[in-house]
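Work through the exercises below with the sequence and the 3D structure open. Each task is followed by a solution in steps.

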Amino acid sequence: MASGAVTWRGAARRPGLGAALPLALSGFGLLALAVALARLGTPPTQPQPWLIGVLALLLLGVLGIRSAAQGESRAARVLPAAFTLLLTVLAVEVLLRTYGVPAGLIPTPSRVLTALWEARTVLLQDTFYTFVLEALLGFVVGTVVGLALALLVVRFRFLERGLLPYAALFSSVPIVALAPVVVKAVGLEWPSKMVVVAITVLFPVVVNAVRGLQAAQPLHLDLLHTYAASPAQTFRTVRVPTALPFVFNALKVGSTLALISAIVAEFFGTDGHGLGFRIQIEVGRFNLAVVWAAIVLASVVGLAFFGLISALERRFAPVPQEGQG
Amino acid sequence: MTAAPARGRLAGSPLLPMLAVLVVAVLLYLPLMLWANVGPAARALASGADLGCPTALACATQLRNPVLPAPGQLAQGFRSLSVPPTAPTSAPYNAVVTGGETLLGLVLATGLGLVLAALLVLSRSFERATLPWLVASQTVPIVAIAPMLAVLLGQYGVQGFLPKALIAAYIAFFPIAVGMSRGLRSPDALQLDLMRTYSASPGRVFFQLRLPASLPYLFTALKVAVTAALVGSIVAEISTISFSGLGKMLAENSRASDTIALWVIMAYGAGLGVSLVALVGLLERVVTPWRAGR
């Protein structure tokens with residue numbers, strides 16, 4: 001499990017059998033319970049023993065995850081989260097089957113997976129609309145406009161004092177309240193949702209970029225002054241690097257907001273495409289398996305988006321190590 | 001960081017530039033409004049509808065559902081939506097309801113965020129096991145969860161105020177947890193070493209060093225979280241069965257295509273958001289007075 005990339009710290013306490021055995025036992029145990037319940041067909045009359053079994057297996061899994069998370073190896077970074085998800089999903093499946101919760105209230109994970117597979121063409125098309133056309137495009141537009149505004153604000157002192165207070169004010173405005181107005185004004189097709197996303201992303205970018213561009217150390221600026229650097233050189237070598245962490249912070253916030261805004265905006269009217277539309281329609285038909293499938297898809301896409309921004313941040317604006325305690 | 005406020009003081013009050021920008025925005029609004037409304041007005045006239053005005057340009061300020069409402073229409077909308085402020089259909093009353101849900105949600109989110117942050121800081125394995133899923137929870141579209149959560153909680157007898165506050169808390173806990181865990185990690189090695197020379201127990205280090213050090217981070221996070229919580233409670237009102245709140249008004253007027261009312265409710269939502277942030281700012285001044293100068 002923990003072969004290959006083991007650093008000096010992980011080498012001392014690498015996750016070995018101590019992690020693998022409880023994790024495997026817990027995972028297979030929960031799987032066996034789920035299969036047994038599926039064979040049984042009807043929910044058991046006495047749920048208590050099943051509940052105790054699930055809790056015991058989960059406890060075992062937590063112990064396994066704990067010891068798997070030791071050290072600095074790649075496995076120690078990835079495995080705990082993966083097993084947390086796996087064990088949680090299995091436990092939810094067993095518990096829902098044990099207590100016979102109707103699918104109209106909470107569908108079991110296996111039903112959700114089936115729905116995800118069966119409705120894949122429709123859901124992928126919806127994801128394309130919601131993510132690529134609305135969230136991603138809106139995110140890019142909002143970021144570009146926000147950065148341009150921030151540059152203007154930093155360049156002209158008058159705008160800084162006159163415009164920035166409004167930007168701060170607008171960033172505390174609930175964007176959802178804006179969505180119906182924009183959808184009514186721009187139309188039902190995807191551009192209206194893109195506009196909502198762009199507005200959502202815009203204000204955090206402006207506020208953070210301005211703060212970042214002004215965060216340059218006076219010492220560094222003086223140093224460049226003594227080098228007789230031109231304003232453009234100062235901007236490129238000092239101001240931009242100091243601003244990047246602030247901007248990436250705003251982009252990370254914006255990346256999670258973008259998808260949610262797109263989905264919420266779809267709530268106020270669409271032309272029949274998008275994950276938000278699908279969710280709303282299927283909730284009305286109590287077809288919750290498809291709803292959860294859409295949610296899973298949205299989460300996966302959102303997480304990938306967030307991961308992409310984080311990777312870009314690590315590449316272009318590495319965060320210095322925080323003081324570890 | 002210290003240069004910006006000093007420069008701001010030297011540059012004087014921002015009131016005059018803010019006023020100037022406001023005047024420019026108002027002056028730009030009128031032609032924009034006319035431009036946006038002329039099209040629909042012309043279409044309505046061409047279809048033979050009787051709008052009570054001769055030309056499209058004259059009709060632009062009198063459309064029943066304008067794209068951008070004229071100032072007079074907006075003022076009238078404000079009056080009709082807020083005149084008896086205590087009526088259950090008025091915007092101020094509903095804004096208060098939404099604000100209450102938001103604050104309750106914020107309190108719940110703060111509690112949850114504090115616990116999560118403490119666990120994240122104290123246990124590396126907890127962080128590795130859950131942090132990716134805490135991030136993932138932020139990408140889950142809350143609109144979809146809201147009606148299900150309402151039905152689910154209704155099954156167990158929880159109704160009315162609390163489901164919306166729970167949804168608000170769900171949206172708001174993440175910034176608090178992240179901000180707090182950053183704050184709890186903010187004491188540097190020197191301070192931690194000093195505590196060690198005092199042979200302080202881990203509990204004392206936590207309560208006497210880490211917790212006070214995290215307060216500024218907590219309030220920065222709370223300002224973000226309160227906006228998020230407001231969005232959460234509005235969305236919850238839209239998508240669950242509710243009888244009051246700004247979200248319910250938004251949903252009703254969106255269905256009725258009453259755009260003037262939508263603009264008025266939007267303004268109330270904006271005012272609510274700004275005042276909630278101001279409230280957090282006030283609390284920050286009371287709790288951390290040593291930072292009030294910043």
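This is a predicted model: local features need pLDDT of at least 70, side-chain atom pairs count only at pLDDT 80 or more; totals for chains, interfaces and linings use all residues.

Residues are numbered from 1 along each chain as its sequence is written, chains are lettered from A and ligands numbered from 1 in the order in which they are written, and side-chain values use heavy atoms, with hydrogens and water left out.

**Exercise 1. Salt bridges within chain A**

Task: Find the partners of A:Asp126 and A:Lys252, and place each pair in the fold.

Solution. 

Step 1. Side chains of opposite charge can pair when their charged atoms come close. The rule used here asks for a side-chain nitrogen of Lys or Arg within 4 Å of a carboxyl oxygen of Asp or Glu. Over all chains, eight salt bridges meet this rule.

Step 2. A:Asp126 pairs with A:Arg278, with 2.5 Å between the closest N and O atoms. A:Asp126 belongs to helix H6 (residues 120-155) and A:Arg278 to helix H12 (residues 275-284), both of chain A, and the two residues are 152 residues apart. Helices here are DSSP runs (H or I, at least four residues), numbered from the N terminus. Both partners are buried, where buried means under 20% relative accessible area, exposed over 50%, and partly exposed in between (1.4 Å probe, protein chains only).

Step 3. A:Lys252 pairs with A:Glu313, the closest N and O atoms being 2.9 Å apart. A:Lys252 is partly exposed at 21% relative accessibility, whereas A:Glu313 is buried at 8%.

**Exercise 2. Helix H11 of chain B**

Task: Describe the salt bridge between B:Glu252 and B:Lys248, then the setting of the helix that holds them.

Solution. 

Step 1. The closest N and O atoms of B:Glu252 and B:Lys248 are 3.7 Å apart. The two residues are four residues apart in helix H11 (residues 246-255) of chain B, so about one helical turn separates them.

Step 2. B:Glu252 is partly exposed, with a relative accessible area of 41%, while B:Lys248 is buried, at 15%.

Step 3. H11(B) is mostly covered, with eight of its 10 residues buried. Among these are B:Leu246, B:Met249 and B:Leu250. The buried residues pack against H8 of chain A and against H4, helix H5 (91-122), H10 and H12 of chain B.

Step 4. Just after H11(B), B:Ser257 has a positive phi of about 55°.

**Exercise 3. The second largest pocket**

Task: Give the volume of the second largest pocket and say what lines the pocket.

Solution. 

Step 1. On a 1 Å grid over the protein atoms alone, a pocket is an open set of points where a 1.4 Å probe fits, with protein on both sides within 12 Å along at least five of seven lines; lining residues have an atom within 4 Å of a point.

Step 2. The volume is about 1,800 Å³, taken as the space filled by probe spheres set on the points.

Step 3. The lining has 45 residues, and A:Phe170, B:Ala25, B:Tyr29, B:Trp263 and B:Met266 lie nearest the centre. Elements of both chains give two or more residues, including helix H7 (157-170) of chain A and helix H12 (259-287) of chain B. H2(B) gives the largest share, 10 residues.

Step 4. By class the lining has 44 nonpolar, one polar and no charged residues. Ala, Val, Leu, Ile, Met, Phe, Trp, Tyr, Cys and Pro count as nonpolar, Asp, Glu, Lys and Arg as charged, and the others, Gly among them, as polar.

**Exercise 4. The contact between the chains**

Solution. 

Step 1. With contact set as heavy atoms within 4.5 Å, chain A gives 60 residues and chain B gives 58 residues.

Step 2. About 5,300 Å² is buried between chain A and chain B, and carbon and sulfur atoms give 74% of this area. Buried area is the accessible area (1.4 Å probe) that two parts lose on being put together, summed over both.

Step 3. Zero salt bridges are counted between chain A and chain B.

Step 4. B:Thr259, in helix H12 of chain B, touches A:Lys184, B:Asn65 and B:Pro66, not counting residues up to four places away in sequence. B:Thr259 is buried, at 7% relative accessible area.

**Exercise 5. Positive phi in loops**

Task: Where do A:Ala228 and B:Ser199 lie, and are they buried or exposed?

Solution. 

Step 1. A:Ala228 lies in the loop between helix H10 (218-226) and H11 of chain A. A:Ala228 has a positive phi of about 60° although it is not a glycine, and is exposed at 65% relative accessibility.

Step 2. B:Ser199 lies in the loop between helix H9 (189-197) and helix H10 (202-239) of chain B. The phi of B:Ser199 is near 45°, and B:Ser199 is exposed, with a relative accessible area of 62%.
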